[in-house]
Amino acid sequence: MMGDNKGVHLRRCVKWQAGLSICLLFVLNSASGQIRYSVPEEMRPGLFVGDVAKDLGLDVKRLVSGRARLVIDDSRQYVELNRNKGHLVVKERIDREQLCGQKSPCSFGLEILLENPLEFFSITIEIQDINDHAPVFSKREIILEISESTPIGTIFLLDTATDPDVGLNSLQSYSLKPTDNFALKQHSRSDGSKYAEMVLQSVLDREKQSEHSLILTAIDGGDPPRSGTVKILVTVLDANDNAPIFTETMYKASVAENAVKGTLITKVSASDADQGFNGNVTYSFTHMGEDAAHLFQISAATGEITLTGNLDYEAVQQYELNLQAKDPWGLTGASKLVIDVVDVNDNSPIITMTSFSGKIQEDSPPGTIVALISVQDVDSGKNGQVRLNLEQNSPFTIKPSPRKYYTLVTDAPLDREKVSSFNLTLVASDEGSPSLFSKKTISLDITDINDNAPAFSQREYKAYILENNSPGVSLLTLQATDPDAGQNARIAYYIIDTCVNGSPVSTYFSVNADNGVIHAVRSFDYEQMKEFKIHVRAQDGGSPPLGSNATVLINVRDQNDNAPQVLYPVQSGVSVVAEIVPRSADVGYLVTKVVAVDVDSGQNAWLSYKLQKATDRALFEVGLQNGEIRTVRQVTDKDVVKQRLTVVVEDNGQPSRSATVNVNVAVADSFPEVLSEFSDFTHEKEYNDNLTFYLVLALAAVSFLFITCLVVIISVKIYRWRQSRLYYESSLPVIPYYPPRYADTVGTGTLQPVHNYEIYRTTDSRKSDVKYFGPVSQSLTSVDVSGTETIPQETRAADYTDARSTLQKPPTADWRFTQNQRPGPSGAAATPEVAMGTGPWPNPPTEAEQLQALMAAANEVSEATNTLAPGSMGLTTRYSPQFTLQHVPDYRQNVYIPGSTATLTSNQQQVQQQQQALPPAQVPVPQPEPPKAAQTPASKKKSTKKEKK
């Protein structure tokens, strides 16, 4: 039955809860800035609690931009904030009994914290009780022993039922059934709780009924109400007329929360009017809650109450205990003991960083909020009053805020370059005695801003570089420092663009943007530019960037790269200039002065003069510093008229450079005498040392090429000679040599088309004859697409039957060209024998002439092939019938047999005689002399010089 009642009750509670969630009330205290919401317990997560944005008059965007969040003192968070809607909703099921116990009203507080700017609002949520618990007795059965002599009106204290609910939902009344002998009285304690007493209303008679069974019901005020029952079993005892009575109806005691176990709290006593055994009284606690059962203990014999556990003022501040005195016959007396727990300072303050980012910009003005700090102390009174301070001196201070909040703010300007971070120690202490404190160290970094420009170690730098330097050489390294950090301290170097002699400075120098090394872009000449002044800027990577400039003076140092130049006497190759010295000149006579300059500077331009050679060294001397040529002794008649002096002008550089000048001196008294002596003055050309070197090098190269060509020509000659020997030793017939596209026919007087012959040879063809086709009067050749001329198969077969001889037929006597008209060697004379065809042929052609003929033939074949057309038979206009004698190339027409002096003529008999007259031995062909090397320019100059001499 109790289960069914409980189910009905839960359903009703859910309906009541839904109604309350719709009709929530809130109270806005404008004076304190607090919002109070009321919500029933046991609401499921996600249900609406209140519209915070509307109630606080805030825009939802402010909640989002301010990163609104809840700050709750308790470890459990029952509600949460929906920033997008500004609603406060249930996050976790709320059990009012677990949260507050018997405390009423039950509420908890929280704060809504907003940033940028920092704001916070306090909210109190009251938890309304619902009837979700039924009254419960601690025992299932109560056993009472009552003497039959117990007078009517005797009160029996019954066990109290407990109901965690509060208000109307808590325990409201008791009922007792049956009520024949006992009546029920209900009472209320100071805390509002109800308890019942059973009063004897009729005399008990053990002899009639020794036991009585009663049902005690506890009912709460919920809708519907819940109830709990307990069975009371009454045993009737024999008579004991007096019950124990306590000396006081209520006892009070106090104990410190830090009292140790075993501490005596108080002592109670009760008296019984009976005598002897019936007067013995025992003490005990009745209706003791679970929280106090393990904390206190009473001595049954003496009534002393001692502490058996640890007290905590912050948990429970007061305990109310029910006392009972009982005699051996079951008569009891009741009283109360109220124990107050005294608070002691046993809890240190707790520091919580509610809002802290750990960094702040160095340009933050004084008064900037760095952190929001919460300090809590669960003690009460002065023990719970706290204060917060900084342990060390720093540019920060602590300012108090409402509800035990403190703000950490800046108190002075910050400079990251001096102090980049702070370790701040927060000290929270209470007002207790002795005072308790706690410390918390936080680290605060100062973030950098670009407030420092790069600085050079000096405003002006000096560098030196030797002239004629290599491009890319480094001059010096600039270094600037920036006390900022990160990108603000990243320095880049560059040269400020200016002009030097009309050209940008970047064409002279460059700087490495990363390390500040200045490089020379080109080679410098001290004689053109001696000093440069450039400006280099160092700029950091901040936003906006900062920078500073430095001036760099670059001095070009001179090198001894210029030889002295002689200004006087002027050297001229056209005429001879002579200085005249009279024969009457005394010692120290100034003949002339050698004037020279050096465009270098410093010691590189210090000149010294020396007499290198002279016709008479004992007659003249040269001043070492001034270059003056003076006589050393008296001029005599024995001194020659023509004197030639060579003076060396040398500078003081390392290594030194020099120049020479020739001075012609005439020792004479008259000018005509000088002219007569210097008219045949030999002018010898002096060559520069470098020119001589190049002439020698050219001569060596020409000689090497000449020797190489000579070796190649000799090798070619030997190779050809061996080839001719190879062909001579074979038994093959000699094929006469004809120029390409050349043929002689009878009666026409024109050149016929050339024929291509196909020669079939065996692997040992060197020992067999060559079969060939005789010439025909008509064109039998054909030209394919590629330009190759061939003779048709049927034509070759027909002609083959007519050509049976192994030798070619000699030409007929009807030559169209006389010997004089025919091409031949240069200067060959046409003798009468030759003209008649009976004399021998001229000398055989040389190898050079044969090579020339072959090259000309190759050119003719190339021209003919390029001009071929279908049906042209491979002929060009050169070989048309209109071809005349003047178009005939200068080729050898006679037939030359290698290794023999015999030639073929037009007379058949002469051919046979020549064949019989062949010598048995081989006559080697005389080797031509190699051509003489052409004269080189050097050899021509030498020969010319020899001829002049």
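This is a predicted model: local features need pLDDT of at least 70, side-chain atom pairs count only at pLDDT 80 or more; totals for chains, interfaces and linings use all residues.
Student: Let's start with the cysteines, then; how many disulfides does the count come to?

Tutor: The count comes to one disulfide, and the link joins Cys100 to Cys106 with an S to S distance of 1.8 Å.

Student: And which hand does the link of Cys100 and Cys106 have?

Tutor: The link is right-handed, with 65 degrees about the S-S bond.

Student: Are Cys100 and Cys106 buried or exposed?

Tutor: Cys100 is buried at a relative accessible area of 16%, and Cys106 is buried too, at 1%. For two further cysteines the values are these: Cys499 counts as exposed at 61% relative accessibility, while Cys709 counts as partly exposed at 46%.

Student: Switching to aromatics, how many aromatic pairs are there?

Tutor: The count comes to 16 aromatic pairs, and one of them is formed by Tyr508 and Phe532, whose rings are tilted, with 5.3 Å centre to centre and 45 degrees between the planes.

Student: What does the pair of Tyr508 and Phe532 tie together?

Tutor: Tyr508 lies in the loop between β39 (503–504) and β40 (509–511), whereas Phe532 belongs to strand β42 (residues 531–540), so the pair ties together parts that are 24 residues apart in sequence. Tyr508 is buried, with a relative accessible area of 9%, and Phe532 is buried at 2%.

Student: Which residues do ring pairs link into a cluster with those two?

Tutor: The cluster contains Phe509 and Phe524 along with Tyr508 and Phe532, linked by ring pairs.

Student: What about charges, which residues lie over a ring?

Tutor: Lys530 lies over the face of Tyr526, 4.9 Å from the ring centre, and the charged end of Arg557 sits over the ring of Tyr464, at 4.4 Å from its centre.

Student: OK, strands now; why is β30 described as largely enclosed?

Tutor: Strand β30 (residues 405–410) is largely enclosed by the rest of the structure because six of its six residues are buried. Both of its faces are covered, with Tyr405, Thr407 and Val409 buried on one side and Tyr406, Leu408 and Thr410 buried on the other. In a regular strand the side chains alternate between the two faces of the sheet.

Student: Which strands pair with β30?

Tutor: Strand β27 (residues 369–376) is joined to β30 by five bridges and runs antiparallel to it, with Ala371 standing opposite Leu408. Strand β29 (residues 396–401) also pairs with β30 in the antiparallel sense, over six bridges, and there Pro400 has Tyr406 as its bridge partner.

Student: How many residues lie between β29 and β30 in their hairpin?

Tutor: Three residues lie between them, and Arg403 in that turn has a positive phi of about 55 degrees.

Student: Where else does a residue other than glycine have a positive phi?

Tutor: Glu42 has a phi near 65 degrees and lies in the loop between β2 (34–40) and β3 (48–51), where Glu42 is partly exposed at a relative accessible area of 21%. Arg67 has a phi near 50 degrees and is found in the loop between α3 and β4 (69–72); Arg67 is also partly exposed, with a relative accessible area of 47%. Most residues other than glycine have a negative phi, and most peptide bonds are trans.

Student: Then which peptide bonds are cis?

Tutor: Among them are the bond from Asp223 to Pro224, with omega near 0 degrees, and the bond joining Ser433 and Pro434, with omega about 0 degrees. Pro224 lies in the loop between β14 (211–220) and β15 (227–237), and Pro434 in the loop between β31 (421–430) and β32 (437–447).

Student: One last topic: what is the order of the open sheet of three strands?

Tutor: The order is β10-β13-β12, with antiparallel pairing; β10 (155–157) and β12 (182–188) are the edge strands, each pairing on one side only. The twist averages 30 degrees from one strand to the next. Three bridges join β10 to β13 (residues 194–200), and Ile155 stands opposite Val199 in β13.

Conventions: Residues are numbered from 1 along each chain as its sequence is written. Side-chain values use heavy atoms; hydrogens and water are left out. A disulfide is a pair of cysteine sulfur atoms within 2.5 Å. Buried means under 20% relative accessible area, exposed over 50%, partly exposed in between (1.4 Å probe, protein chains only). Rings of Phe, Tyr and Trp (its six-membered ring) pair if their centres lie within 6.5 Å; planes under 30 degrees apart count as stacked, over 60 as edge-to-face and the rest as tilted. Helices (H or I, at least four residues) and strands (E, at least two) are DSSP runs, numbered from the N terminus. A charge sits over a ring if NZ of Lys or CZ of Arg is within 6 Å of the ring centre and within 35 degrees of the ring normal. Two strands pair if DSSP finds at least two bridges between them. Axes are lines fitted to C-alpha atoms, for helices over the stretch in contact, and angles run from 0 to 180 degrees between N-to-C directions.
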